[in-house]
Each structure stands twice: as C-alpha cells, then as structure tokens.
Amino acid sequence: MKLPWRSRVETASPEAIPPEPPGPVVDIYSSPGLEEALRGKPNEESCKVLDLGPSVADNVEFVSSFASYLQIIDAIDRNPSASDFGGVGFGRLSALQALFDKHRRSFSLVLMWDVLNYLSIDQAERLLQSVAELCLPGARLHAIVFATNTMAAIPNRYRIIDNARIAYEKATTEQLGAPDLPPAAVGKLLQGFRVEHSFVLQHGVHEYVASRKRWYVKE
Amino acid sequence: MFKKDDNESLSAEGRPAQAAAGRSPAPRKSGGGATIGPSIKIKGDVSGDEDLLIQGQIEGKVKLGKHNVTIGSDGHVKADVHGRTVVVEGQVEGDLHAKEQIILRHSARVEGSIAAPRVTLEDGAVFRGGIEMDAGGKEAKPAVGKRPEMGQGVGAKRDDNPPKGAAQDKESGKSLPA
C-alpha cells in the first residue's frame with residue numbers, strides 16, 4: 001500500500017536515518033621510542049626517511065617538517081598471494097631491493113611499526129637485511145612490536161600525533177596468535193642495527209630504538 | 001523534425017552534458033580541457049597544450065608540463081605523468097612530476113615516486129613510493145600535507161582534537177572514543 005505523501009515525508013525524519021557503520025577504534029598512546037628516535041635527527045637537507053608502513057596523510061605531513069625525502073614501502077601486504085614471499089606471508093621485499101641503486105646507504109630514519117609481528121623469522125631477516133643496506137651508518141630505526149599473545153588480524157594503522165604520541169587505528173577486533181618476540185629475538189632480527197633503547201608500554205607494546213652499526217657485514 | 005538542441009542536452013557551459021561528465025568515448029574538448037574517456041586505451045606518449053582529464057587507460061608518458069592533469073576515478077595510468085598540477089583519483093603506476101602541486105584524492109592508488117613543490121595526500125589514498133620533498137629547491141620548501149576535511153577513508157574517525165584527557169592519559173594509554 002502506498003503511503004500518503006505526508007507520511008513518506010515523515011519517515012525521512014532524522015530518526016529514520018540508519019546509523020553509520022562503526023569506524024576503526026582509535027587509541028592514542030605515548031611513544032617514548034619515537035621521541036628518542038627523533039632526538040638529534042639530521043637536518044632536513046640530508047634526512048631521508050624510510051617508512052615500512054602504509055601511507056598515512058598525517059605521517060607524511062609530519063615527516064615533511066624535517067625530511068627531504070620519504071619512502072613509503074607498505075611492507076605488510078594485505079593480500080598474501082601477491083607478496084614477494086611466495087604467498088606464505090606478507091611483505092614487499094622487491095620494493096626495498098628496487099631502491100638499492102639509487103638509495104643505498106642513504107636513509108637516516110626508519111619507521112618499522114608492527115612489521116615484525118606479521119613476518120616469519122626468515123621473512124623478517126630478509127627484510128631487515130635490505131633495510132640495513134639502505135641505511136646510513138648511525139641511522140635510527142624505531143620499531144613497534146606487540147609483546148602480547150595475540151595481535152590484530154589486520155595490522156593497525158599508525159598515525160603520528162606529535163613527536164611523542166602515536167594513534168593506533170584498529171580496523172578489526174579479530175585477533176590472531178602473535179609470534180613470540182622477546183627482546184633477545186628482536187635484537188637478533190635487527191641485524192645491522194644495535195638496540196640502544198627499548199621501552200615496555202602498558203598496552204602490551206615493546207618499542208625499540210636501534211642505531212645502524214657503522215660496520216655491517218651481511219651474514 | 002527534431003532540432004539538434006532537442007537531442008543533446010547542454011551543460012551550463014554550453015557543451016554536451018555527456019562530455020562534461022567525462023563519459024565521452026573519445027578525446028574531446030570539454031570546457032578548456034580534453035577528456036580521455038573510460039573506453040579509450042592509449043599506448044604511447046600523450047602531450048598537448050590544454051588541461052587533460054584521464055578516465056581511460058594510458059601506457060607510456062603523459063607530458064603536459066604547463067597544464068593540469070587529472071587522473072579520474074576510472075583512470076588507469078601506467079606512465080610517468082608531468083603537469084603543472086597533477087590530481088589523482090584513480091590508479092597510477094609511474095612517477096608523478098608537477099611544477100606546482102600534486103593531490104592524491106582518497107580514492108587514489110599510486111605506486112611510483114612523487115616530486116612537486118606541494119603534495120597533498122587525502123586520507124584513504126594508497127601510496128607506495130618516494131616523495132621528494134625538495135622538488136622546488138631550497139627556497140621553495142614544499143608544503144606536504146593532508147586536506148583539512150577528514151570525511152572519508154579510515155581517517156574519518158580519527159580524533160583530530162582529542163579530549164583533554166588524552167594528554168593526561170597518555171601514560172596509561174587509555175582508549176579514546178573514535
């Protein structure tokens with residue numbers, strides 16, 4: 001039965017508008033690791049930043065305030081079948097290796113947030129070997145590693161709020177089992193780097209700040 | 001008999017509405033610029049002396065250094081693109097060079113490098129590659145940023161102005177409302 005015109009107008013009242021689907025949960029945490037990694041950063045004429053995460057507008061804007069070049073890798077591939085690791089895991093190793101000719105030993109800051117959690121040991125070693133090749137001696141690396149038993153099924157997006165705070169955007173509440181990555185294992189994975197600072201945060205995250213070794217020989 | 005006007009509705013600027021909407025099947029002038037429609041595929045170099053809207057597919061090079069280039073939401077470009085300003089709403093595999101500005105809209109998917117005095121990334125845009133931030137030289141320090149409105153993409157729920165408690169709670173990492 002057709003509703004009279006007046007009634008149809010009434011059904012379009014604000015109460016009838018369906019609610020928007022829920023967006024990502026956003027948590028803002030302090031990041032002593034980022035603060036430490038940014039301390040004493042090179043001046044803008046020489047600072048090149050390697051971000052292994054996805055492109056985030058705020059991060060690009062933040063980095064542009066002090067760097068001359070930003071490389072975004074988006075290493076955690078959401079589509080494992082398209083990854084460089086044969087579909088077993090995640091990662092875009094070839095994107096890093098493609099930089100060797102032009103950017104070998106040129107990056108002075110690396111942002112590696114959440115990456116290690118989603119890679120196998122073998123994948124992480126290969127990735128970090130490439131990262132070390134691309135970094136200047138003394139370059140800083142800031143890593144965020146979940147130290148909990150579980151982690152988000154879809155990697156978080158990380159958004160820099162300021163030089164001491166990061167927003168974690170969680171796209172899903174689904175959880176996966178997290179790999180066991182104690183500090184010793186992370187230190188071993190960060191080949192070519194020396195861990196200078198580490199911070200255990202209350203929300204189950206371990207932040208590392210490492211420095212590229214002056215002399216690094218690939219094993 | 002029909003008059004021509006009966007068959008072809010005109011846009012406000014007096015051109016065919018279809019062309020104005022970018023659905024023209026062939027390159028055509030549309031209000032001071034040309035449009036490559038969604039059914040067009042070009043292999044080779046594209047150059048010219050007017051603004052260009054790309055809704056089709058291009059493999060090669062796009063060289064319009066003095067003009068604006070827009071890769072529309074249906075556009076798929078495997079090419080290096082040179083323009084005065086370059087706006088991306090669709091997909092690009094290649095390097096983007098602009099004399100003034102590059103804008104990646106929220107629907108953009110870009111793999112390549114970017115070089116421009118001013119770069120704007122909207123939230124939701126997917127970009128993999130390098131951003132040269134001194135493309136304009138030292139005197140023209142580039143402005144890299146995001147659009148002020150955050151109404152689309154994942155960032156729509158971001159709390160640009162976190163509640164006062166955010167700073168106080170940062171040590172405990174208390175969750176904030178999205």
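Leaving aside its neighbours within four places in sequence, which residues is Ile102(B) in contact with? They are Val86(B), Leu96(B), Ile114(B), Ala116(B) and Val119(B). Two residues are in contact if their C-beta atoms, placed from the backbone, lie within 7 Å.

## Basis of the model

This is a predicted model: local features need pLDDT of at least 70, side-chain atom pairs count only at pLDDT 80 or more, and totals for chains, interfaces and linings use all residues. Residues are numbered from 1 along each chain as its sequence is written, while chains are lettered from A and ligands numbered from 1 in the order in which they are written.

## Two chains

Chain A holds seven helices and eleven strands. Chain B has three helices and 13 strands. Helices (H or I, at least four residues) and strands (E, at least two) are DSSP runs, numbered from the N terminus.

Of the 219 residues in chain A, 43% are buried. For the 178 residues of chain B, the figure is 37%. A buried residue has 20 or more other C-beta atoms within 10 Å of its own, an exposed one 12 or fewer, and a partly exposed one a count in between; C-beta atoms are placed from the backbone.

Now take contacts between residues at least 6 apart in sequence. In chain A, 65% of these join residues at least 24 apart. In chain B, 11% do.

## The nonpolar core

The largest nonpolar core has 94 residues. Such a core is a set of buried Ala, Val, Leu, Ile, Met, Phe, Trp, Tyr and Cys residues joined through C-beta atoms within 7 Å. Val49(A), Leu70(A), Val110(A), Val115(A), Val131(A), Ile102(B) and Leu104(B) have the most contacts inside it. Strand E5 (residues 135–146) of chain A gives the largest share, seven residues.

## An open sheet in chain A

Three strands of chain A form an open antiparallel sheet, ordered E1-E8-E7. Its edge strands are E1 (25–30) and E7 (157–162), each pairing on one side only. Neighbouring strands are turned by 25 degrees against each other on average, direction ignored. Axes here are lines fitted to C-alpha atoms, for helices over the stretch in contact, and angles run from 0 to 180 degrees between N-to-C directions.

Six bridges join E1(A) to strand E8 (residues 165–170) of chain A. Pairing requires at least two DSSP bridges between two strands. Val25(A) has Lys170(A) in E8(A) as its bridge partner.

## Confidence

Chain A averages a pLDDT (the predictor's confidence in each residue, from 0 to 100) of 82, and 79% of its residues score at least 70. Residues 6–12 of chain A fall below 50, with two contacts beyond near neighbours in sequence. Residues 83–89 of chain A are also below 50, but have 18 such contacts in the model.
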